[in-house]
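Good morning, and thank you for the time.

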Amino acid sequence: MTHLNRTFAELGVRDEIVRALKEDGKEHPFAIQELTMPLALAGDDLIGQARTGMGKTLAFGVPLLQRITTDPTRELTGIPRALVVVPTRELCLQVSSDLASAAKYLRAGDRKLTVTSIYGGRPYEPQIEALQKGVDVVVGTPGRLLDLAQQGHLQLGGLSMLVLDEADEMLDLGFLPDIERILRQIPDERQAMLFSATMPDPIITLARTFMNQPTHIRAEAPHSAATHDTTEQFAYRAHALDKVEMVARILQAEGRGATMIFTRTKRTAQKVSDELAERGFKVGAVHGDLGQGAREKSLKAFRSGEIDVLVATDVAARGIDIDDITHVINYQIPEDEQSYVHRIGRTGRAGKTGIAVTLVDWDELPRWAMIDKALGLNTPDPAETYSSSPHLYEELNIPADATGTVGDPRKAHAARPPAEKKSADRPARNRTRTRRRTRGGEPVTGHTTTAPTEQASSEAAEGTDGAPRRRRRRRPRKAAATTG
């Protein structure tokens with residue numbers, strides 16, 4: 001995305017924020033930021049619409065920070081003055097990190113301005129403690145925000161700024177009722193901003209109910225392509241049993257950097273991660289079966305470059321906001337065209353180029369045809385492709401000598417959900433058959449006595465048809481008759 005050579009300082013952003021942004025390599029705003037900031041800094045309500053990866057966080061974050069720190073009528077007392085509501089934990093962490101970075105030179109009286117993240121999947125106590133110490137900006141997910149507000153720990157009566165980020169995703173996840181409950185607890189006089197990649201009817205209705213004559217800003221013309229112009233897209237018809245082999249070759253393409261692989265199911269995400277780790281790739285997984293700590297560990301490793309491949313489901317991937325992703329691979333095609341746009345929006349960000357590869361199984365062709373038609377991709381019938389197909393190597397710049405492995409097996413980040421790890425710690429039971437398990441990408445040789453997996457334990461408790469197996473009750477023997 002090109003900028004118009006204006007700087008944040010020229011838009012009226014205060015020196016402390018300009019300094020922090022410049023140290024982070026951000027000096028010129030992107031389109032959504034340049035269009036939004038003058039109105040937001042003036043205190044207007046607005047709706048910002050732009051595709052994923054266009055810089056929406058700073059578009060609302062910079063005006064938010066500036067307005068709460070320059071309002072001469074209200075001092076920052078530690079009661080939250082700004083609230084940003086986001087749909088997922090990952091996005092919550094990303095937005096709070098970005099805001100904290102931009103605010104690092106801002107002061108609230110004799111202390112630093114504080115930004116706190118509030119989200120589920122973590123203990124309540126540290127979040128309650130942070131709120132009790134005093135917070136200026138809260139970034140949170142709807143459920144946990146509502147919980148803490150109802151318990152009296154989160155005070156919403158002092159808000160002067162409200163932001164709903166990724167509103168369309170909150171709609172998809174069923175958070176609208178929670179958001180409406182939150183809106184009923186905040187002051188009527190406050191500035192509100194709503195940001196969304198798409199604008200379905202329920203979101204428009206919501207905006208009308210809580211916003212005051214908002215200005216609708218689009219960062220591009222309505223007829224522009226839904227997908228990134230800077231992302232080169234490829235679609236291949238692939239056999240399910242050959243997909244991992246194909247991915248292993250794609251990951252060896254020249255110029256390949258940080259890569260995200262998308263699956264539709266949690267089980268497939270873990271399976272692909274484990275198999276790629278077995279082939280020597282530096283890979284991690286992010287999906288709903290993993291605990292929050294394991295997910296954060298994988299994301300941190302991905303951001304730091306410790307791993308360069310991240311396998312994720314759609315919901316878990318929301319909020320992964322990294323500018324340097326070079327490739328996105330759709331291991332399983334998404335549910336609809338909007339999910340496709342969100343997925344491939346992870347690459348080709350901030351004016352950089354990217355590559356998106358979609359592997360379409362035979363039974364996925366009808367859904368792919370619908371996505372292709374909706375987005376005008378002109379690839380309704382992808383070419384039949386295998387891991388040995390010459391056109392795959394040629395189109396994606398894969399070396400001719402690339403094989404299915406790149407080194408010794410590795411241990412995948414967050415290789416097992418906590419529940420499975422727990423079952424592995426149980427005392428071993430005798431088993432009559434030899435089993436071979438793979439733990440975190442490392443082969444474990446078969447033994448006649450192993451700890452059963454969670455699935456095996458479940459199967460043992462059920463009959464072959466899935467119905468619970470009844471325990472046979474032993475009838476007590478009748479006492480022998482005594483002769484008198």
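Let me begin with β10 and β15, which pair in the parallel sense over seven bridges. Here two strands count as paired if DSSP finds at least two bridges between them. Helices (H or I, at least four residues) and strands (E, at least two) are DSSP runs, numbered from the N terminus. Please note that this is a predicted model, in which local features need pLDDT of at least 70, side-chain atom pairs count only at pLDDT 80 or more, and totals for chains, interfaces and linings use all residues. Residues are numbered from 1 along each chain as its sequence is written, and side-chain values use heavy atoms, with hydrogens and water left out.

Within this pair, Thr 231 has Gly 354 of β15 as its bridge partner. Strand β10 spans residues 231-237, and five of its seven residues are buried, meaning under 20% relative accessible area with a 1.4 Å probe, protein chains only.

β10 also pairs with β16, again in the parallel sense, over two bridges; there, Tyr 236 is partnered by Ala 383.

Strand β15, residues 354-360, is joined by four bridges to β14, residues 325-330, and these two run parallel. Ile 329 stands opposite Val 357 in β15.

What is the order of the seven strands in the open sheet? The order is β12-β13-β11-β14-β15-β10-β16, with parallel pairing. The edge strands, β12 (283-286) and β16 (383-384), each pair on one side only.

Technical notes
Buried < 20%, exposed > 50% of the residue type's maximum accessible area, 1.4 Å probe, protein only.
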